[in-house]
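Please read them with the structure open.

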Amino acid sequence: MSTLTGQQIADEGLTGWVLLLGGLHTRIRTGDYATGLAVVAAIGAAAEDMNHHPDLTLRYGHVDVRLTSHDERGVTERDVRLARTITSVATSADAPLESGSVSRLELALDTPARDSVLPFWAAVLAMEHRPEVADEVRDPADALPTVWFQGSGSEEPRQRWHPDVWVDPAQVQPRIDAALAAGGTLVSDAEAPSFWVLADPEGNRVCLCTWQQRG
């Protein structure tokens, strides 16, 4: 089973879902803890029937859902099918889905010495370095953000760390507007709509990232 592109997923018309970092995400607004528990139980039962299991995070007032096919390292048709089932579960519980407030965080280290610094960060963060992805380390429990290593020059001064914040494409402009109103600057939109580079008043940079125009 092959993975789907961002555009193929968008064409499925999954209202309330967004593709972030190789997974389908939604936030189910349950309103209270008891409803959240019931929704999680119903999703669990459906997932067992389909033999395909989502990552669920239960909070007071909402349930976060992430769907990905780990064996394919991306989103496949079975994730789309389970997303539709979860939408039906949420609708039956009168719990709306939304993706506007959902985001995923990665941390990027700009370095000319990836091979020498990567093992240190994998060790201190207790993360895994998988040979098939040479430039990143991941938390086996998926609790901490992925850390990836971006090649850079060695000139000084330079910013070494920067966050990559993955969001729904519809949320990019509102976030840029809020950042500018808070004193930030738009450094570059040359790679838009794949990503935008912003900086805070001190010059520290961050990238806003989407699935658009990516392979």
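**Notes on the sheet and backbone**

1. In this predicted model, an open sheet is formed by 7 strands, which follow one another in the order β7-β8-β6-β9-β12-β11-β10 with mixed pairing. The edges are taken by β7 (136-137) and β10 (185-188), and because each has a single partner strand, one side of each is left without a neighbour in the sheet.

2. Helix α5, which covers residues 172-181, packs on this sheet and touches β6 (103-111), β9, β10, β11 (195-199) and β12, while its direction makes about 10 degrees with that of β11.

3. Within the sheet, strand β9 (residues 161-167) pairs with strand β12 (residues 205-209) in the parallel sense, over 3 bridges; Val165 has Leu208 of β12 as its bridge partner.

4. The bond from Glu156 to Pro157 is cis, with omega near -10 degrees, and Pro157 sits in the loop between β8 (146-151) and β9. A cis bond also joins Ala192 and Pro193, with omega about 5 degrees, and Pro193 belongs to the loop between β10 and β11.

5. Most residues other than glycine have a negative phi. Asp142, in the loop between β7 and β8, is not a glycine and yet has a positive phi of about 60 degrees; this residue is partly exposed, with a relative accessible area of 35%. Gln213, in the segment after β12, likewise has a positive phi, near 55 degrees, and is exposed, with a relative accessible area of 65%.

Note on methods: Residues numbered from 1 in each chain as written. Predicted model: local features only at pLDDT ≥ 70, side-chain atom pairs only at ≥ 80, totals over all residues. Heavy atoms only, no water. Pairing = 2+ DSSP bridges. Helix = DSSP H or I, 4+ residues; strand = E, 2+ residues; numbered from the N terminus. Contact = heavy atoms within 4.5 Å. Axes fitted to C-alpha atoms, helices over the stretch in contact; angles between N-to-C directions. Buried < 20%, exposed > 50% of the residue type's maximum accessible area, 1.4 Å probe, protein only.
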